Amino acid sequence: MSETQKFRVHDLENKKNDNGIKNRYDVIIIGSGPAGYAAGIYTSRAKLKTLLITGTLPGGQLMTTSEVENYPGFPNGIFGPELMMNMRQQVERFGATIIDDEVTRVDFKAHPFLISTNSETYEALSVLACTGASPRKLGIQGEQEFGGRGVSYCATCDGPFFKGEDIAVVGGGDTALEEATFLTKFGRSVKIIHRRNSLRGSKILQEKALENSKIRFLWDHVVEGINGNKKIENIQIKSLKDGKKQTLSVGGLFVAIGHEPNTSIFKDQLELDDKGYVVLKDRTKTSVEGVFAAGDVHDFRYRQAVTAAGFGCMAALDVEKWLGEQKWWKEIQ
Ligand code: NAP
């Protein structure tokens with residue numbers, strides 16, 4: 001603990017008296033994607049008293065993915081939800097406490113840190129932020145209104161509702177290509193609307209989409225508005241080449257334009273960059289000593305399940321090392 005960080009509990013005796021301090025954990029992991037679960041496996045296996053608070057979508061983004069083909073160890077692929085359930089069981093196996101709840105507030109201004117959900121406040125001797133990222137919104141007219149009524153951010157979750165429909169997908173990255181290809185199983189046609197004339201997604205997914213006869217590309221176009229009645233009926237699109245506008249009849253619009261980090265609870269607590277990602281100071285250390293971060297909450301570059309899990313492992317090892325270096329930690333062991 002640095003000179004500048006103040007102790008919430010000054011009395012070391014008090015720190016020792018674990019039984020008398022309700023809800024105190026050696027480490028609290030916030031988030032349950034591959035980063036959080038991997039971290040939980042490592043910290044609980046290292047005999048640190050671990051609490052993992054899952055967030056509103058236990059298992060994170062992979063719960064809304066179909067088959068994961070690139071996670072090592074599964075030569076025939078594995079479904080995202082199955083992979084995450086396996087990870088959760090592995091965390092539980094080593095004795096961590098897992099709570100399906102949402103963290104609404106953190107206080108890193110003094111130590112031990114405080115982590116609050118709607119119903120409870122917990123004390124943490126160290127914290128691991130693994131809150132991941134969420135789908136980015138287009139921010140256009142009708143997007144909110146038709147959410148759940150034709151506008152979706154997850155093809156795996158909602159694709160089967162669009163049988164026989166004409167579907168539009170916005171984006172030019174891996175997610176857009178993967179979702180468009182998946183949606184051809186259900187839709188009559190799928191149009192990928194992309195703001196540029198070249199794709200960002202990987203070659204293999206590009207090839208799959210380009211070869212699929214049900215998929216058409218609308219290059220250099222953006223979606224400007226979404227209309228309908230009870231559910232979505234059409235979208236307004238605009239060409240960025242000549243400004244020409246047209247109306248496209250669709251029964252579904254899938255938005256796949258990337259993600260934003262889930263860091264609202266860390267505002268004013270941790271240093272964030274201009275896009276809201278957690279800034280790491282040294283390996284997995286954040287701007288607050290004793291608080292570590294792993295996965296998509298700081299990583300906007302790789303954003304893979306396997307890299308998130310790797311970061312989770314690294315952060316857990318860093319937590320263990322950091323705790324071991326604290327004078328008060330030695331005294332309470
Ligand atoms: P991404 O790679 O950031 O791509 C986002 C796409 O949306 C880009 O084509 C971008 O256009 C477009 N876009 C962004 N904001 C927009 C806006 N306001 N209006 C219209 N278009 C907008 O995000 P992602 O596809 O979700 O992929 C994220 C990461 O996950 C990547 O690293 C990807 O490789 C990985 N991923 C991997 C797999 C897989 O391997 N199976 C599957 C899914 C995702 P520009 O190109 O013009 O910037």
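Leaving aside its neighbours within four places in sequence, which residues is Thr 54 in contact with? Point 2 gives the answer.

1. This is a predicted model, in which local features need pLDDT of at least 70 and side-chain atom pairs count only at pLDDT 80 or more, while totals for chains, interfaces and linings use all residues. Residues are numbered from 1 along each chain as its sequence is written, and side-chain values use heavy atoms, with hydrogens and water left out.

2. Thr 54 sits in the loop between strands β4 (50–53) and β5 (67–68). Helices (H or I, at least four residues) and strands (E, at least two) are DSSP runs, numbered from the N terminus. Thr 54 has a relative accessible area of 4% and is therefore buried (under 20% is buried, over 50% exposed, and in between partly exposed, with a 1.4 Å probe and protein chains only). Apart from neighbours within four places in sequence, Thr 54 is in contact with Gly 31, Ser 32, Tyr 37, Arg 88, Ile 98, Ile 99, Asp 100 and Asp 101; contact means heavy atoms within 4.5 Å.

3. Helix α5 (residues 174–183) is largely enclosed by the rest of the structure, because seven of its 10 residues are buried. These are Ala 176, Leu 177, Glu 179, Ala 180, Thr 181, Phe 182 and Leu 183. Their cover includes helices α4 (155–158) and α6 (203–211), as well as strands β15 (166–170), β16 (189–193), β17 (215–218) and β21 (252–255).

4. α5 also gives the most to the shell around the ligand, with three residues. Of the 20 residues around the ligand, Asp 174, Thr 175, Glu 178, Arg 196 and Arg 200 come nearest (a residue counts as near if one of its heavy atoms lies within 4 Å). By class, the shell has four nonpolar, nine polar and seven charged residues.

5. For Arg 195 the corresponding distance is 3.0 Å. The protein covers 77% of the 910 Å² of accessible area that the ligand has on its own; such areas come from the Shrake-Rupley method with a 1.4 Å probe.

6. An open sheet of mixed pairing is formed by four strands in the order β2-β11-β10-β8; two strands pair if DSSP finds at least two bridges between them. β2 (24–25) and β8 (103–107) are at the edges with a single partner strand each, so one side of each has no neighbour in the sheet. β10 (residues 113–117) and β11 (residues 121–124) run antiparallel and are joined by four bridges. Ile 115 stands opposite Tyr 122 in β11.

Methods
A polar contact is a pair of N or O atoms within 3.5 Å; within protein, one must be able to donate a hydrogen and the other to accept it, and residues adjacent in sequence count only if both atoms are side-chain atoms. Ala, Val, Leu, Ile, Met, Phe, Trp, Tyr, Cys and Pro count as nonpolar, Asp, Glu, Lys and Arg as charged, and the others, Gly among them, as polar.
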